[in-house]
Protein chains: 2
Amino acid sequence: MKLKKNLYTNIGWEVYEKKFNKQQVVNTGSRYLLGNGYMGYRGTPCEWNKDQYVGCFISDTYDLADGRWRELCNAPNGLYTKIYVNGEEVSLFTGNVIEHRLKLDLKCGKLSRYLKWKGKNAGIVEIKSEKYASYHDIHLLAMQYSFKTEKKADIRMVTGIDGRVWDLNGQHLVDKEFYQKNNLLCSTSYSSEKRIKLDVTEGMCLKAKQVVSKEILNKGDRILRELKFSVASGDEISLFKAVNVYSSNDVSKPLESACRGVSRALKNGYEQELSLHENVWEDIWDKQDIKIKGDLTSQALIRYNLYQSMIATPVHSDSLPIGARGLSCQAYQGSAFWDQEIFNMPVFLYTQPTIARNILKYRYYTLNGAREKAKRLGYKGAFYAWVSGKTGKELCPSYFFENVITGRKIHNHFNEWQIHVSPDIAYSVGEYYKATNDWQFIVDYGAEIIFEVARFLYSHAYFKKDKNRYEFIRLLGPDEYHENVDNNAYTNYMAQKCLQIALKIYKKLKDENPQKLKTLENKIKLKKKEIENWSEMAELIYLPQPDEETKLIEQFDGYFDLEDITPEKLRKRLIDPEEYWGWPNGIAVETQVIKQADVIQLFCLDNGFNKEVMKNNYDYYKQRTQHGSSLSPSAYAIIAANNGYLNKAYKDFIRSCTIDLYSTNKSISGGTFIGGVHTAACAAAWQIIVRGFAGFKLYDEKISFDPQLPASWNEIKFNMVIRGCKLFINISKDEFKLKMDAKNENSIKVKVRDKEFSINPGEKKILQIA
Amino acid sequence: MKLKKNLYTNIGWEVYEKKFNKQQVVNTGSRYLLGNGYMGYRGTPCEWNKDQYVGCFISDTYDLADGRWRELCNAPNGLYTKIYVNGEEVSLFTGNVIEHRLKLDLKCGKLSRYLKWKGKNAGIVEIKSEKYASYHDIHLLAMQYSFKTEKKADIRMVTGIDGRVWDLNGQHLVDKEFYQKNNLLCSTSYSSEKRIKLDVTEGMCLKAKQVVSKEILNKGDRILRELKFSVASGDEISLFKAVNVYSSNDVSKPLESACRGVSRALKNGYEQELSLHENVWEDIWDKQDIKIKGDLTSQALIRYNLYQSMIATPVHSDSLPIGARGLSCQAYQGSAFWDQEIFNMPVFLYTQPTIARNILKYRYYTLNGAREKAKRLGYKGAFYAWVSGKTGKELCPSYFFENVITGRKIHNHFNEWQIHVSPDIAYSVGEYYKATNDWQFIVDYGAEIIFEVARFLYSHAYFKKDKNRYEFIRLLGPDEYHENVDNNAYTNYMAQKCLQIALKIYKKLKDENPQKLKTLENKIKLKKKEIENWSEMAELIYLPQPDEETKLIEQFDGYFDLEDITPEKLRKRLIDPEEYWGWPNGIAVETQVIKQADVIQLFCLDNGFNKEVMKNNYDYYKQRTQHGSSLSPSAYAIIAANNGYLNKAYKDFIRSCTIDLYSTNKSISGGTFIGGVHTAACAAAWQIIVRGFAGFKLYDEKISFDPQLPASWNEIKFNMVIRGCKLFINISKDEFKLKMDAKNENSIKVKVRDKEFSINPGEKKILQIA
């Protein structure tokens with residue numbers, strides 16, 4: 001079934017393309033990305049090199065090479081393989097490409113390729129390959145490669161490690177060495193800044209009748225085996241390549257580990273390694289999959305997005321961020337933004353809560369970075385980095401856009417004014433606790449995060465004595481076109497949530513873990529007076545209220561006084577199409593045109609707004625939103641779905657799910673790579689379905705559903721884990737079916753539409769909802 | 001003695017030029033401006049018209065014609081006079097100008113002209129004229145005009161009222177009528193907005209042997225007498241013209257008043273009217289003059305500036321502002337800025353305190369405008385307009401600069417963020433009381449101003465609970481290149497002064513005028529709690545302190561973190577020389593380059609800083625100041641003089657005094673008239689001498705002097721009025737002489753350098769200060 005243009009799915013478990021498009025080299029690599037949270041391997045054919053943006057990005061290899069941007073290292077490409085048939089290079093850019101297919105198998109994260117190619121002397125050559133980044137051994141890349149020729153031919157195959165890697169900002173790997181060790185090829189290099197050692201080891205097993213010559217070519221920037229042999233017409237020659245990547249941040253002896261890993265894989269063989277890898281994916285899908293009946297497009301899209309969300313997440317670690325572009329490239333520095341908690345985390349929170357726990361533990365480990373930032377800017381507590389890498393120090397520079405008309409740098413204040421990331425994290429800790437009942441996490445980690453954020457918020461706020469309220473001044477809300485605003489509704493509400501959670505947790509700690517509380521109080525020098533302050537601030541913080549008549553919530557002080565114009569009309573004011581729309585004098589600054597959902601985003605996180613308020617604000621803000629952020633459509637989709645705007649919700653679901661898959665945007669702008677996978681939007685797809693169409697909400701004492709499916713969907717099925725209890729949910733247009741795993745220990749209170757009930761282990765409920 | 005290029009003085013009571021420069025038409029009109037506070041008559045030869053920016057600007061005729069800018073009306077020119085000799089027009093732009101002199105007599109505000117001209121047929125013609133705007137009858141313009149020819153000639157003279165006036169923004173006078181009434185010519189017109197009636201009446205008296213023909217030419221836009229006669233070689237023909245201007249804002253029957261005025265003047269004759277006018281000037285100089293021995297340049301300059309300061313000031317009224325360009329043109333809308341109290345007022349406060357009283361009464365009458373502005377922007381009390389006309393409503397638009405690179409309008413926030421004008425006014429009320437002891441003024445007017453400003457400040461301030469202090473956020477200080485700053489030192493200190501004055505006055509009212517206080521409290525609904533609030537805020541307001549080591553006061557939060565670069569180097573970054581340097585993205589915004597004195601300006605108003613602090617800050621800020629404002633050099637001159645930087649002080653004294661006199665700047669920029677007289681800088685010249693070189697300071701209980709004269713000055717002499725007592729001050733390099741008028745009623749405490757003493761009526765003190 002055709003999804004769009006050159007993209008297809010047959011069973012909703014795969015996406016594939018039938019034609020090669022030279023213009024889409026960057027999108028190809030991102031679209032068919034392989035990965036396992038440890039590494040991301042771009043979905044590029046094995047004969048490509050840095051010119052086609054081949055990349056293998058390794059988590060936890062942050063390096064600063066140009067003095068400005070710290071980003072992940074791109075490892076030498078151990079899967080590099082190319083053949084020459086009768087002297088002709090088989091390539092997508094030479095000869096005659098008769099057929100070329102790429103298929104991403106979502107079920108097991110495997111990329112298959114089929115090339116039918118014709119050369120002058122070579123005749124027709126067919127190549128088949130498949131590869132994956134193993135979830136069983138996260139250091140392993142494996143490729144099965146085979147080819148045959150139409151006629152008898154002399155073959156020259158070069159395969160090995162290509163160290164000519166592509167970097168965005170500065171050369172990250174230096175002192176590269178390429179060498180042979182026993183039957184393996186090795187590359188050792190070091191990151192430029194902290195000399196992280198990075199070892200890539202390659203081994204292979206060729207099944208060919210007779211290899212005439214075999215030589216190692218060490219060219220200084222790559223090491224290759226040159227294999228020469230003859231093939232008869234129709235002979236299938238097959239090659240299994242196993243590559244391991246290790247850094248000295250992973251193990252103390254990365255070379256040894258890598259050699260061991262490759263040897264083991266070679267011994268196991270391709271199929272057995274694949275099977276181990278598939279087992280892990282089976283388990284993942286068992287927990288995460290959403291089955292959609294009636295709409296194969298939606299089915300494929302949700303799985304594609306869940307796949308991308310999964311492989312972007314460093315599940316092997318509790319101290320690494322989810323990159324805003326995952327491991328698909330170096331853009332966005334492999335770093336966490338507010339996306340991580342608000343967009344990436346929920347799918348894990350409700351399906352694999354230990355991953356959510358890891359995500360939050362990362363924020364615990366980066367508390368010192370956040371404390372430093374707060375201190376540097378004159379605040380107390382923890383002010384989380386807008387762009388957060390390994391240590392949590394602020395990576396976001398003050399100047400990154402350019403005024404394309406004057407050529408002058410633009411000073412943005414994302415790092416200083418976009419404070420909502422801190423309460424977003426605190427809120428998410430609270431949500432984690434609500435969803436899991438994991439009090440021990442709060443005791444050990446969560447309380448400290450939340451207290452430090454509350455402390456930060458108090459030190460940031462101003463008190464207006466004449467109005468008897470706390471205010472936040474000089475903010476940048478989710479809508480990044482309006483910097484330097486006061487009382488951004490989203491931020492103020494989230495701040496209140498953080499303070500309320502802090503107070504609740506403080507009380508519970510005092511009641512239940514007084515000794516632990518004392519230890520924590522001593523550790524962070526928390527004073528009683530501070531708790532009183534938070535309590536006062538939680539009560540007196542200014543929360544912009546819905547207008548009595550219009551029900552509109554003002555995004556920030558004075559927003560409604562700005563010029564009211566549509567994004568389309570506004571666009572016509574651009575002098576240069578590349579102009580930045582925001583601060584300090586972009587075309588949107590003095591208008592009501594917003595980059596992305598802001599008040600609407602708040603509704604996704606706060607159950608306290610009624611439908612009239614949500615609808616009116618949706619109607620108002622939607623048409624003023626330019627969707628300059630990939631985070632925008634999902635919020636609109638969720639709130640539309642929650643309020644009966646099913647067509648609109650469906651459209652934004654599709655829009656949000658296809659930001660990467662359907663992207664034909666140019667990926668290089670002004671010399672800067674802006675491609676890569678929008679992992680937050682990918683993870684948000686799950687939220688659109690579960691929070692949006694299924695209408696799921698989490699409360700302290702219960703969960704609730706208020707489902708409304710799009711016209712084309714007949715049924716959705718998915719599993720959730722709530723407070724340790726596994727739930728099987730099946731929603732059709734008429735019925736809501738809920739089953740509770742017999743292994744669960746507790747019962748759960750559930751509300752579906754207006755009906756509230758308890759469900760017990762092993763129990764099944766069917767409710768009519770038509 | 002030559003002052004500069006084409007400018008001379010002989011006795012320090014005049015400035016004159018010997019050559020006519022066609023390029024300097026606008027500067028000529030401003031430089032030799034006549035006026036009396038009721039009207040400003042540009043110093044243009046009588047045959048010029050709107051093309052040479054002839055102007056007669058009438059106070060209290062505010063008119064909005066283009067929907068954007070409200071400005072004063074330019075009245076039809078009643079002095080218009082031109083002669084043709086043997087058919088040739090005598091003009092500076094035709095024929096051969098042999099000699100042309102313009103002399104402004106500062107002693108009596110009179111402009112003399114001498115033209116020696118040669119035409120083809122006319123031969124040599126000599127014209128002499130003098131004119132003044134009377135201080136005796138402020139509605140009167142008088143001109144004595146005479147000419148003679150080298151040879152017998154036929155003369156055609158046209159003289160009357162030229163209604164072809166020049167307007168900056170829209171046509172202000174409409175429905176113009178020109179007519180004859182008895183022997184007078186009249187022009188009646190109406191302002192476009194409020195139909196203020198404006199009457200100009202002209203009468204004349206020609207002394208010529210025989211007038212051959214006399215006709216009235218009514219051309220719709222002017223009314224002229226055409227006089228034809230013959231003259232013999234060397235015959236001196238003389239003409240006396242008397243013009244009256246009245247508006248319906250002055251009297252109920254302006255035409256009648258104007259006719260009466262002209263008739264009386266014609267009856268009195270030129271000389272008698274001049275003598276009445278001169279008497280007033282004699283009195284003004286008796287109060288205001290500063291005599292400087294040893295430096296004729298300085299002598300002429302101080303008198304020139306005092307002259308301009310005087311004629312800009314509407315002393316006939318207590319409800320009109322001093323225009324930032326006085327009555328020299330329509331630019332700056334004839335409106336008051338903070339200049340009025342901080343720059344214009346002091347010279348009057350200490351020499352003619354009733355004028356200072358009128359200036360402050362204007363602020364009392366405009367309280368409602370300030371209240372409205374505060375309310376509109378969400379504050380309480382009185383937020384004075386940045387640009388204040390008759391009513392005190394904000395006249396400053398939000399958009400007035402243009403981004404010359406993009407052609408887009410720039411949104412500045414002078415009107416919203418430059419709040420210091422309000423405490424500046426309150427402070428000046430306090431200074432008025434300190435200098436005059438006029439408690440009745442405080443009771444009747446001053447208290448209400450100060451209380452309302454204190455109230456505004458309280459409603460504007462934020463309280464930082466974690467720092468236990470009040471802060472001001474989102475300010476624009478005197479340095480207008482840095483908008484949107486927090487805790488501008490100048491503003492915060494001035495705010496504290498206002499609060500302290502408010503508390504002092506409240507207490508005194510309570511003690512001495514409890515009934516009056518009660519009335520005022522009822523009127524403005526002042527609550528006890530508010531006084532407590534002010535008291536707390538006066539104590540807890542954040543005042544940026546001098547750094548312990550460097551002694552530097554940070555101009556605003558984060559100023560020292562900005563890029564440190566000199567104005568000269570910064571200028572090189574301009575893409576277009578016309579670019580605005582300030583908000584939001586001008587080249588100065590992210591640097592420490594400031595437009596004008598800011599911290600240094602504070603030192604001029606606050607006696608509480610020691611020399612080390614003043615010197616270090618002077619040294620630091622001076623080299624970072626671009627002096628983009630005419631208000632800047634005077635502050636630097638005062639603080640330099642107070643701290644022994646005598647050469648620097650002298651240089652800035654000259655610079656400040658010659659902003660207009662030496663100006664050769666183009667006066668039209670991008671089609672906009674930016675010429676006119678900088679009245680604040682003119683008045684500040686007095687402050688540089690008295691506060692700067694004489695080191696005068698006013699305290700609650702005493703006055704003090706700490707004199708240091710520039711190298712070239714041998715002696716200065718001036719008079720002051722302190723608390724009703726007239727003082728004669730005479731300072732040489734060695735001696736400080738102080739005499740107190742015998743008519744005074746009280747003694748005064750004086751401190752000179754370190755010596756403190758009381759001086760009694762009639763007493764004389766001589767102190768050695770060498």
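Q: A helix here is a DSSP run of at least four residues, numbered from the N terminus. In this predicted model, between which helices of chain B is Pro584(B) found?
A: Pro584(B) sits in the loop between helix H14 (567–571) and helix H15 (599–605) of chain B.

Q: How do you know that the peptide bond from Trp583(B) to Pro584(B) is cis?
A: Look at omega. For the bond from Trp583(B) to Pro584(B), omega is near 0°, and the bond is cis. Most peptide bonds are trans.

Q: Where is Pro584(A) in chain A, and what is the peptide bond from Trp583(A) to Pro584(A), cis or trans?
A: Pro584(A) lies in the loop between helix H14 (567–571) and helix H15 (599–605) of chain A. The bond from Trp583(A) is cis, with omega near 0°.

Q: Why are H5(A) and H9(A) called roughly parallel?
A: Helix H5 (residues 339–349) and helix H9 (residues 421–436) of chain A pack at about 10°, and their axes are 11 Å apart. Angles under 35 degrees count as roughly parallel. So H5(A) is roughly parallel to H9(A).

Q: Which residues of H5(A) meet H9(A)?
A: They are Glu341(A), Ile342(A), Met345(A) and Leu349(A). Their partners in H9(A) include Tyr427(A), Tyr432(A) and Ala435(A). Across this contact, seven residues are nonpolar, two polar and three charged.

Q: Why is Glu394(A) called buried?
A: Its relative accessible area is 17%. Buried means under 20%, so Glu394(A) is buried. This residue is in the loop between helix H7 (367–376) and strand E23 (399–402) of chain A. Among the residues Glu394(A) touches are Arg376(A), Trp386(A) and Asn415(A).

Q: What makes the pairing of the Glu394(A) and Lys373(A) side chains a polar contact?
A: The two side chains come to 2.6 Å. The cut-off for a pair of N or O atoms is within 3.5 Å, with one able to donate a hydrogen and the other to accept it. The side chain of Glu394(A) also reaches the backbone nitrogen of Cys396(A) at 2.9 Å.

Q: What sets the phi of Asn182(A) apart, and is the residue buried or exposed?
A: Phi of Asn182(A) is near 55°, a positive value in a residue other than glycine. Most residues other than glycine have a negative phi. Asn182(A) lies in the loop between strand E16 (173–181) and strand E17 (184–191) of chain A. Its relative accessible area is 69%. Exposed means over 50%, so Asn182(A) is exposed.

Q: Why is Gln333(A) called buried?
A: Its relative accessible area is 3%, and the cut-off is under 20%. Therefore Gln333(A) counts as buried. Gln333(A) lies in the loop between helix H4 (296–311) and H5 of chain A. Its phi is positive, about 60°, although Gln333(A) is not a glycine.

Q: How do you know that Gly675(B) is buried?
A: Its relative accessible area is 6%. That falls under 20%, so Gly675(B) is buried. Gly675(B) is in the loop between strand E28 (672–673) and helix H19 (679–693) of chain B. Its contacts include Val26(B), Arg325(B) and Ser667(B).

Q: How many residues of chain B are in contact with chain A, and what area is buried between the two?
A: On chain B, 35 residues are in contact with 35 residues of chain A. The buried area is about 2,700 Å², and carbon and sulfur atoms give 42% of it. In chain B, Arg408(B), Tyr462(B) and Lys465(B) lose the most area to chain A, together 24% of what that side buries.

How values were computed: Residues numbered from 1 in each chain as written. Chains lettered and ligands numbered in written order. Predicted model: local features only at pLDDT ≥ 70, side-chain atom pairs only at ≥ 80, totals over all residues. Heavy atoms only, no water. Axes fitted to C-alpha atoms, helices over the stretch in contact; angles between N-to-C directions. Helix = DSSP H or I, 4+ residues; strand = E, 2+ residues; numbered from the N terminus. Parallel < 35°, antiparallel > 145°, perpendicular 65-115°, else oblique. Contact = heavy atoms within 4.5 Å. Nonpolar A, V, L, I, M, F, W, Y, C, P; charged D, E, K, R; others polar. Buried < 20%, exposed > 50% of the residue type's maximum accessible area, 1.4 Å probe, protein only. Buried area = accessible area lost by both parts, 1.4 Å probe. Lists of a residue's contacts leave out its neighbours within four places in sequence.
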